[in-house]
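Subject: Structure for you to look at

Hello,

Here is the structure I said I would pass on. Please open it first, then read my notes below.

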Amino acid sequence: MSSVHEQPSNADGAAATRAAKSLSTSGGLGWNRATATLVLLAFAMLIVSLDQYIVVVALPDIARDLGYSAQTLQSVISAYAVASAGFLLLGGRAADLLGRRRILVAGLTVYTGASLAGGLATEPALLLAARAFQGLGGALVFPTTLTLINTTFPEGRARNRALGVWGGAGAAGLVIGVLLGGLLTQVFGWEAVFLVNVVLTGPALVLAFVLIPSDGEREKGRTFDLPGALSVTAGVTLVVFALVQGPGLGWLSPGVLGGGAAGLLLIGAFVAIERRSPDPLMPLRLLSNPNLITGVVIAFMFMATFGAVLYFLSIYLQEVRGYDALETGAGFLIPTAVVVAGSTAAGQFVTRFGLKTTLVGALAVGALGAVLLGVAISPDGSYAALVPRLVALSLGDGVVFTAMFIAAATGVADREQGIASGIASTGSGVGAAVGLAALVLIATAGLDDLTGERLRVATADGISTAMFVVAGGIVATFLVALTRCPTRPSPGPGPTPRQWRRC
């Protein structure tokens with residue numbers, strides 16, 4: 001495998017490397033062009049992360065206006081997750097080969113158009129299509145922002161701190177989305193949770209041209225693996241679709257069986273294509289990097305557990321406790337602050353204590369918070385009883401979010417950071433779709449024929465059960481982190497980063 005410090009050949013990579021060298025000695029960020037770029041990338045990450053859950057608080061209003069049921073309402077969330085998961089790998093590799101600024105701008109543009117369409121939707125099908133295209137835009141933006149950070153800041157303290165800022169924005173976006181969604185829904189209606197993105201992405205698009213160096217000519221001898229891109233994108237999309245729709249349509253339904261089988265065949269074809277391609281979309285040797293694999297597994301399990309809590313907590317506060325959209329959003333103020341603090345501090349924790357210690361500690365705290373949250377959720381429980389549980393869960397959430405992407409980027413050459421980011425992001429996207437589908441099935445079991453007070457009580461019980469399942473999933477993630485300590489795959493120039501010594 002190439003050295004971590006291998007020089008990229010394109011113009012944006014060269015500019016990034018120059019910025020990185022200026023930071024390599026102190027490991028500090030300071031206020032310079034690199035830091036201004038980091039602020040832009042964190043803001044872009046905040047935008048796409050925010051929209052994964054900004055619609056959560058608006059779901060009851062969307063259901064009433066467009067006619068969704070309790071079982072189909074989660075499709076508004078999963079439509080984004082399915083499309084995003086299918087295109088993340090493509091987005092990451094496109095950033096490597098076609099230019100990081102080009103892909104970032106393209107992703108933000110698609111995202112803006114889809115958000116406008118969502119705000120104007122009058123039928124369920126139109127809204128789901130808009131959510132899918134939002135997922136596509138997010139799939140281009142997410143790995144590209146991560147790639148730009150990993151190629152701007154050198155591995156070690158500087159990159160860990162930068163990823164802490166980026167991770168803080170991403171993790172906070174998940175929670176801020178619920179808060180902002182409540183405010184917008186209460187004041188302007190559910191359409192505003194989509195239209196606000198049009199306002200947010202405008203400044204990001206302008207600043208992308210100002211702060212990010214223009215993309216140079218493509219590196220000679222490198223080609224875009226179109227057969228590989230088409231096969232893996234279609235394959236992952238179909239598999240995730242089958243997993244998400246299985247609980248509702250039935251696992252033996254023709255659509256689920258056919259989609260799952262076709263998706264697996266396409267993924268098999270992708271592997272065969274990659275083995276023969278002179279410049280593969282996903283170099284299979286990357287899968288020998290234990291840090292990347294650990295990061296991907298943890299990203300999958302993180303989004304399947306932590307990532308689903310906001311959905312259920314929002315439903316609990318509104319459908320069980322009777323909160324309106326604004327009150328529900330306000331209920332996420334404390335978790336938001338804790339998630340931001342945990343994500344931002346995670347980079348410094350990794351530098352000081354190492355990846356393994358940081359991940360294991362954060363997961364232990366998160367698992368405890370999920371168990372206690374499951375105990376506290378009841379038909380007549382109070383918000384005050386939830387707060388300490390939410391603090392513990394949110395602290396684990398924030399730290400793990402950043403640390404898992406630090407693990408995935410460690411030991412990967414600059415010219416392959418895009419595809420590595422795409423692989424890790426795909427793991428998180430698939431985890432989000434699969435986890436939410438499975439947990440919704442658990443939480444809504446037996447609700448079909450209930451109404452009134454019986455429905456309210458059963459809803460609370462179902463959400464409580466889902467939280468215990470989440471806790472079990474976090475414990476499984478804890479065991480992965482405990483047994484798969486990151487190790488450096490190959491020696492490179494320069495001092496050994498402290499996280500390796502700790503592991």
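**Two packed helices**

Helices H7 and H8 are roughly perpendicular to each other (the word covers angles of 65 to 115 degrees; under 35 is roughly parallel, over 145 roughly antiparallel, and the rest oblique). Two packed helices are described by the angle between their axes and the distance between the axes. For H7 (residues 157-188) and H8 (residues 192-211) the angle is about 110 degrees, and the axes lie 9 Å apart. Axes here are lines fitted to C-alpha atoms, for helices over the stretch in contact, and angles run from 0 to 180 degrees between N-to-C directions. On the H7 side, the contact (heavy atoms within 4.5 Å) is made by Leu-180, Gly-181, Leu-184, Thr-185 and Phe-188. On the H8 side, Ala-192, Val-193 and Val-196 take part. Sorted by class, that contact has six nonpolar residues, two polar ones and no charged ones. In this sorting Ala, Val, Leu, Ile, Met, Phe, Trp, Tyr, Cys and Pro are nonpolar, Asp, Glu, Lys and Arg are charged, and the others, Gly among them, are polar.

**What the model is**

This is a predicted model, in which local features need pLDDT of at least 70 and side-chain atom pairs count only at pLDDT 80 or more, while totals for chains, interfaces and linings use all residues. Residues are numbered from 1 along each chain as its sequence is written, and side-chain values use heavy atoms, with hydrogens and water left out.

**The whole protein**

The protein has 18 helices and zero strands; these are DSSP runs numbered from the N terminus, with helices (H or I) of at least four residues and strands (E) of at least two. Of its 503 residues, 60% count as buried. Buried means under 20% relative accessible area, exposed means over 50%, and partly exposed is in between (1.4 Å probe, protein chains only). Among contacts with a separation of 6 or more, 84% are between residues 24 or more positions apart.

H15 (residues 383-409) has 27 residues, which at 1.5 Å a residue should span 39 Å; its end C-alpha atoms are 38 Å apart, which agrees. The expected span is 1.5 Å times one less than the number of residues. H15 also bends by about 30 degrees at Arg-389, where the bend is the angle between axes fitted to the seven residues ending there and the seven starting there. H15 is mostly covered, with 20 of its 27 residues buried. After H15 comes Gly-411, with a positive phi near 80 degrees.

H6 (residues 124-152) is mostly covered too, with 22 of its 29 residues buried. From first C-alpha to last, H6 reaches 42 Å, close to the 42 Å expected.

**Single residues**

Where is Tyr-68 found? Tyr-68 is in the loop between H3 (59-66) and H4 (75-98), and it counts as buried at 11% relative accessibility. Beyond its neighbours within four places in sequence, its contacts include Leu-73, Pro-124 and Leu-127. Tyr-68 and Pro-124 are 56 residues apart in sequence, but 7.7 Å apart C-alpha to C-alpha.

Thr-35 lies in H2 (residues 33-53) and is buried, at 7%. Its C-alpha is 8.4 Å from that of Ala-162, 127 residues away along the chain.

Val-475, in H17 (residues 452-483), is partly exposed at 41%.

Regards
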